[in-house]
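Hi everyone, thanks for coming. I'd like to walk you through a protein chain that I've been looking at, so let's get it up on the screen.

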Amino acid sequence: ALEQRGAVDLTDIGNITPNTTMETSRGTNSTLSAFIRGIGQQDPVSGFEQGVGIYLDDVYLNRPQAAVLDIYDVERIEVLRGPQGTLYGRNTIGGAVKYVTRELPQELSIRARATYGTFDQAEGVLTASAPLGDIVRVGGSVARLTRDGFGTNLTTGLDNYDKDVWAARGTLEMGGHGEPVLIRISGDYSRDRSNPRGGTRLIPGLQSGAPVLANVFDTRAGLNSPVQDIEAYGLAMNVTAELSDVFTLRSISAWRKDSTYSPIDFDALPAADLDVPGVYFNQQISQEFQLQVDAGPLNGMVGFYYLDAKADTLFDVRLFTTLAGLTAFTKAEVDTETYAVFGDFTYDLTDQLSLSVGGRYTWDERSANILRQNYLGGGSPFFGGAGVAFGAASTNFQGVRNFNKFTPRASISFQPTPDHNIYASFAQGFKGGGFDPRGVGANAPDTNANGLRDNAEVAAFLSFRPEKVDSYELGYKGYLFDRALYIAVAGFHANYTDVQIPGSVACT
């Protein structure tokens, strides 16, 4: 179905899935902004966690950089709405999108796909796999994905909205296909060297008088440093062992790393009115265990999840038309360490009536090292500028915060026939707080009136409290008429979100 729709990458899922928005963020082709039922996270800098979890073969991607996954060699893509966390992975308040690749067949297989389209879109995917014995298989895919731009950058001459991506995956499988144990070791790599995406202005330039362009895909954005370059790679090992007819044990181990160099020209004009060269460095290690139970009318699972993730963001904010050579530089290192235990069980009260209950307890630790420094005379030295530090750092802060929360889930469903399901559910979601890397520590209130801004006062000012979502659903799902042609989905959904923002009252 995805191939028939011409789906290219993960953002296309948002075009065909109700209540789901998935878009590339800012000037990149690879940073993802995802929302489900209005819940998500727009800002991709370190310190702000996603509201929608993105998974690659059950491995949670901690950061939105390099999360716009190209669709190739895929088995399916799942979209799960509402708070998640009692069944797998990381706790998320808005939902989850799970990208699942194909398992290897038992026989020799070679597949190739080539596509050519308008704007010189050229895509080629080669996939091959082979058995190395009765229970061992090896395979992989290589993809080359290119496209000319929809428009032109009238300042730099570069194509705008082009695509230049190499991607590859490799897999070693042992067992499975009727064997009680399946071990799947996989690695993936992607490199995106597409041009930065320059925006179009909706109003003329106030100082320059530059008119609105006729083609919305054209731009006058002048920033092209650093040269855009996104590289991401990772390793994962998924082990499934059937211990008995009742119990199945799963282990999901992963390591991932990515780097993004991106120039973002917010004013979309040649002048440095609001130019932001930025880089992102991310790394994560995760481990998950699941014990699944299938005991007649009772089925479910219990699990444990661990994540250790490091996210570093560095960027200039160049305001040369406000004051010649004025630059605000930010360096934000925000690390996350989290543990969780969770479980979810369903009991069939009758052949038609089922009750499900679940819960999760999460421990989150955020540690931050944030520096904000102004420069005059050009960009910051980190981005090759000639600027000289001006005044004391507006933020020079280190701090740690811990957050923990129990979040429950419950549902009841009634199936009058196998084709109809009436259900009601309640779920609670939790996203830990942290430190705002954009905050200005010098603005922290002097609570002890000693004339200084000590680290505790800055920490209190920059920190923000967790988000909590209470989600209620009442609905009906079923097939009407010819099930090949019609499916009716009706439901009611309500969210209550409690978000604490630094320096403000609670917003609902």
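Let's start with proline 297, which is partly exposed, with a relative accessible area of 36%. Keep in mind as we go that this is a predicted model. You'll find proline 297 in the loop between strand S17, residues 275-295, and strand S18, residues 298-318. What does proline 297 touch, if we don't count residues up to four places away in sequence? The answer is Thr346, Tyr347 and Asp348. In that direction there's also threonine 350, 53 residues along the chain from proline 297, with 8.6 Å between the two C-alpha atoms.

OK, let me zoom out. The protein chain has 3 helices and 27 strands. Its C-alpha trace spans about 75 × 60 × 45 Å along the principal axes. Now, for 508 residues, a compact globule would have a radius of gyration near 23 Å, and this chain comes in at 25 Å, so the two agree. Buried residues are 48% of the 508. If you take the contacts with a separation of 6 or more, 64% of them are between residues 24 or more positions apart.

The accessible area is about 23,500 Å², and carbon and sulfur atoms own 58% of that.

Next, one of the helices: H3, residues 455-462. Which residues of H3 are buried? They are Glu457, Val458, Ala459 and Leu462. The cover over the buried residues of H3 includes strands S20 (353-376), S22 (395-414), S24 (434-435) and S25 (463-464). Look at the start of H3 too, where a side-chain oxygen of aspartate 454 gets to within 3.2 Å of the backbone nitrogen of alanine 456.

Arginine 90 is in the loop between strand S6 (74-81) and strand S7 (95-101). Is arginine 90 buried or exposed? With a relative accessible area of 1%, it counts as buried, because the cut-off for that is under 20%. And what do we see around its side chain? There's a polar contact of 2.8 Å with the side chain of asparagine 91, and another, at 3.2 Å, with the side chain of aspartate 364.

The other one is lysine 431, in strand S23, residues 420-431. Lysine 431 is buried as well, at 6% relative accessible area. Its side chain reaches the backbone oxygen of glutamate 49 at 2.9 Å. Leaving out neighbours within four places in sequence, the contacts of lysine 431 include Gly40, Gln41, Gln50, Gly51, Ile93, Pro466 and Glu467. Asn91 is on that list too, and you'll remember asparagine 91 as a polar partner of arginine 90. On the other hand, lysine 431 and phenylalanine 383 are 48 residues apart along the chain, and their C-alpha atoms are separated by 33 Å.

For contrast, here's valine 138, in strand S10, residues 136-147. Valine 138 is partly exposed, with a relative accessible area of 35%. Arginine 184 is 46 residues away from valine 138 in sequence, but 9.8 Å away in space, C-alpha to C-alpha. Again leaving aside neighbours within four places, valine 138 is in contact with residues including Leu104, Ala128, Leu132, Thr171 and Leu172.

Where is the cis peptide bond? That one runs from serine 225 to proline 226, with omega near 0 degrees. Proline 226 is in the loop between strand S14 (181-192) and strand S15 (229-242).

Then there are two residues with positive phi. Alanine 66 has a phi of about 60 degrees, although it isn't a glycine. Aspartate 73, also not a glycine, has phi near 50 degrees. Alanine 66 is in the loop between strand S5 (59-61) and S6, and aspartate 73 is in the loop between S5 and S6 too. What about burial? Alanine 66 is buried, at 14% relative accessible area, and aspartate 73 is buried at 16%.

That's my tour. Happy to go back to any of these spots if you'd like another look.

Terms used: Residues are numbered from 1 along each chain as its sequence is written. This is a predicted model: local features need pLDDT of at least 70, side-chain atom pairs count only at pLDDT 80 or more; totals for chains, interfaces and linings use all residues. Side-chain values use heavy atoms; hydrogens and water are left out. Helices (H or I, at least four residues) and strands (E, at least two) are DSSP runs, numbered from the N terminus. The radius of gyration is taken over C-alpha atoms; the globule rule is 2.2 Å times the number of residues to the power 0.38. Buried means under 20% relative accessible area, exposed over 50%, partly exposed in between (1.4 Å probe, protein chains only). Contact means heavy atoms within 4.5 Å. Accessible areas come from the Shrake-Rupley method with a 1.4 Å probe; for residues, only the protein chains shown count as cover. A polar contact is a pair of N or O atoms within 3.5 Å; within protein, one must be able to donate a hydrogen and the other to accept it, and residues adjacent in sequence count only if both atoms are side-chain atoms.
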